[in-house]
Amino acid sequence: MAGIVNRIRAFARSPKGRRLTEQGRRAAADPRKRAQARQALSRLRGKHH
């Protein structure tokens with residue numbers, strides 16, 4: 001399991017990982033994207049609203 005964690009850490013430090021992290025932060029700050037993510041999660045969990 002430690003090998004997987006190290007690989008994830010290495011990816012997060014890479015330029016591509018940093019770029020994806022920044023994209024995620026921007027999406028999380030956008031209220032519309034947040035609502036879309038919440039809806040997708042509720043669909044996956046089987047809670048239809």
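Predicted model: local features only at pLDDT ≥ 70, side-chain atom pairs only at ≥ 80, totals over all residues.

Me: How many helices and strands are in the protein chain?
Reply: The protein chain has three helices and zero strands. Along the sequence the pattern reads α-α-α.

Me: And what does the C-alpha trace span along its principal axes?
Reply: About 40 × 25 × 10 Å.

Me: What share of the residues counts as buried?
Reply: 4% of the 49 residues in the protein chain. The chain exposes about 4800 Å², and 56% of that comes from carbon and sulfur atoms.

Me: OK, helix packing. At what angle do H1 and H2 pack?
Reply: About 80 degrees, with the axes 4 Å apart. Here H1 is residues 2-13 and H2 is residues 15-29. An angle from 65 to 115 degrees counts as roughly perpendicular, so H1 is roughly perpendicular to H2.

Me: Which residues make that contact?
Reply: On the H1 side they are Phe11, Ala12 and Arg13. H2 contributes Pro15, Lys16, Gly17, Arg18 and Leu20.

Me: How does the contact of H1 with H2 split by class?
Reply: Four residues are nonpolar, one is polar and three are charged.

Me: Take Ala12 from that list. What is Ala12 in contact with, leaving aside neighbours within four places in sequence?
Reply: Gly17 and Arg18. Ala12 itself lies in helix H1.

Me: Why does Ala12 count as partly exposed?
Reply: Because its relative accessibility is 38%, and partly exposed covers the range between the 20% limit for buried and the 50% limit for exposed.

Me: What comes after H3?
Reply: Gly46, which has a positive phi near 85 degrees.

Me: Where is Pro31?
Reply: Pro31 belongs to helix H3, which covers residues 31-45.

Me: Is Pro31 buried or exposed?
Reply: Exposed, because its relative accessibility is 62% and the cut-off is over 50%.

Me: How far is Pro31 from Ile8?
Reply: Their C-alpha atoms are separated by 28 Å, and the two residues are 23 apart along the chain.

Me: Last one, Met1. Where is it found?
Reply: In the segment before H1. Met1 counts as exposed, because its relative accessibility is 79%.

Me: And what separates Met1 from Lys33?
Reply: There are 32 Å between the C-alpha atoms of Met1 and Lys33, with the residues 32 apart along the chain.

Key: Residues numbered from 1 in each chain as written. Heavy atoms only, no water. Helix = DSSP H or I, 4+ residues; strand = E, 2+ residues; numbered from the N terminus. Buried < 20%, exposed > 50% of the residue type's maximum accessible area, 1.4 Å probe, protein only. Axes fitted to C-alpha atoms, helices over the stretch in contact; angles between N-to-C directions. Parallel < 35°, antiparallel > 145°, perpendicular 65-115°, else oblique. Contact = heavy atoms within 4.5 Å. Nonpolar A, V, L, I, M, F, W, Y, C, P; charged D, E, K, R; others polar. Areas by Shrake-Rupley, 256 points an atom, 1.4 Å probe, with all protein chains shown as cover.
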